[in-house]
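Visitor: Hi, can you walk me through this one? I'd like to start with the aromatics.

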Amino acid sequence: MRVHDAYELAFGEDTVLVHRTERTGSGGHPIYADDTAIVLAEISDRGEVRMLRSGGYQDPMVRVRARPVEPHTR
């Protein structure tokens with residue numbers, strides 16, 4: 001599978017749009033962040049999500065789904 005520039009992460013009924021950063025996680029996959037950099041996730045090329053902490057008191061959710069977002073073309 002290919003690496004995407006953006007994903008929509010689904011936390012139950014809530015969703016967050018994240019974009020690929022220049023960083024990689026401990027698994028060697030790209031790290032994605034939302035516009036606030038509060039939501040951080042390492043996403044593999046198979047769509048596996050590992051949520052990362054961006055602050056001391058966060059408890060990252062385990063069950064998160066990632067859906068690739070295709071770029072808009074004009």
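This is a predicted model: local features need pLDDT of at least 70, side-chain atom pairs count only at pLDDT 80 or more; totals for chains, interfaces and linings use all residues.

Visitor: How many aromatic pairs turn up in a search of the whole structure?
Guide: The search finds 1 aromatic pair. A pair here means rings of Phe, Tyr or Trp (its six-membered ring) with centres within 6.5 Å; planes under 30 degrees apart count as stacked, over 60 as edge-to-face and the rest as tilted.

Visitor: And which geometry do Tyr 7 and Tyr 32 have?
Guide: Edge-to-face, because their planes are at 90 degrees, with the ring centres 5.1 Å apart. Tyr 7 sits in strand β1 (residues 6-11) and Tyr 32 in strand β3 (residues 30-33), so the pair ties together parts 25 residues apart in sequence. Strands are DSSP runs of E, at least two residues long, numbered from the N terminus.

Visitor: What is the mean pLDDT, then?
Guide: The protein's mean is 88, and 91% of its residues reach 70 or more. pLDDT is the predictor's confidence in each residue, from 0 to 100. Confidence is lowest in β6, at a mean of 92, and highest in β3, at 97.

Visitor: Back to the tyrosines. Are Tyr 7 and Tyr 32 buried or exposed?
Guide: Both Tyr 7 and Tyr 32 are buried. Buried means under 20% relative accessible area, exposed over 50%, and partly exposed in between (1.4 Å probe, protein chains only). In β1, 5 of the 6 residues are buried, so to speak a mostly covered strand.

Visitor: What strand order does the sheet have?
Guide: The sheet is open, with 6 strands in the order β5-β4-β3-β2-β1-β6 and antiparallel pairing. β5 (49-52) and β6 are the edge strands, each pairing on one side only. Strands pair if DSSP finds at least two bridges between them.

Visitor: How does β1 pair with β2?
Guide: β1 and β2 (residues 14-24) are antiparallel over 6 bridges, and Leu 9 stands opposite Val 16 in β2. The two strands form a hairpin with 2 residues between them, and Gly 12 in the turn has a positive phi of about 70 degrees.

Visitor: And what about β1 with β6?
Guide: That pairing is also antiparallel, over 4 bridges. Ala 10 has Arg 65 in β6 as its bridge partner.

Visitor: Which residue in β4 is the bridge partner of Tyr 32?
Guide: Ala 41 is the bridge partner of Tyr 32 there. β3 and β4 (residues 40-43) run antiparallel and are joined by 3 bridges.

Visitor: Changing topic: where does His 4 lie?
Guide: His 4 is in the segment before β1. His 4 is buried, at a relative accessible area of 9%. Leaving aside neighbours within four places in sequence, His 4 is in contact (heavy atoms within 4.5 Å) with Arg 20, Tyr 32, Pro 68 and Glu 70.

Visitor: What does Pro 68 contact, with the neighbours within four places left aside?
Guide: His 4, Ala 6 and Tyr 7. Pro 68 is found in β6 and is partly exposed, with a relative accessible area of 29%.

Methods
Residues are numbered from 1 along each chain as its sequence is written. Side-chain values use heavy atoms; hydrogens and water are left out.
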